[in-house]
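Me: I'd like to learn how to read a model like this one. Can we go through it together?
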Amino acid sequence: MSTPATHTLDELEIALDAAAAQMQRLFDENARLRSQLADVRGELAEANERMRMAGHKLRVVAERLPQAAVETENGAEVAKAGLEKAA
């Protein structure tokens, strides 16, 4: 026959085992999320580098355009914007 103290100790042991199991699950989930975060940060760094390189290439192309072509295009954009506002 178990005594109240034994019963309380058994309940405490069950609660501690459950808490330890939950802590292990949380530790495992934390490790998985850290790994996933590292992967996403790597992908973001790669995308950032691609965007930086694309911006550089666009600047180089824009600098090579004749100024008249740039002014004509800007004028066409202004005219188009005016037509869209009128519509």
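Me: Is Arg 32 buried, partly exposed or exposed?

Reply: Buried means under 20% relative accessible area, exposed over 50%, and partly exposed in between (1.4 Å probe, protein chains only). Arg 32 is partly exposed because its relative accessible area is 42%. One caution: this is a predicted model, where local features need pLDDT of at least 70 and side-chain atom pairs count only at pLDDT 80 or more, while totals for chains, interfaces and linings use all residues. Residues are numbered from 1 along each chain as its sequence is written, and side-chain values use heavy atoms, leaving out hydrogens and water.

Me: Which residue does Arg 32 meet in a salt bridge?

Reply: Side chains of opposite charge can pair when their charged atoms come close. The rule here asks for a side-chain nitrogen of Lys or Arg within 4 Å of a carboxyl oxygen of Asp or Glu. Arg 32 pairs with Glu 29, at 2.7 Å from N to O. Both sit in helix α1, 3 residues apart, about one turn of the helix. Helices are DSSP runs of H or I, at least four residues, numbered from the N terminus.

Me: How many salt bridges does the rule give?

Reply: The count is 2. Glu 49 also bridges to Arg 52, with the closest N and O atoms 2.8 Å apart. Glu 49 is partly exposed, since its relative accessibility is 37%, and Arg 52 is partly exposed too, at 48%.

Me: What share of the residues is buried?

Reply: Buried residues make up 0% of the 87 in the protein chain.

Definitions and conventions
Helices (H or I, at least four residues) and strands (E, at least two) are DSSP runs, numbered from the N terminus.
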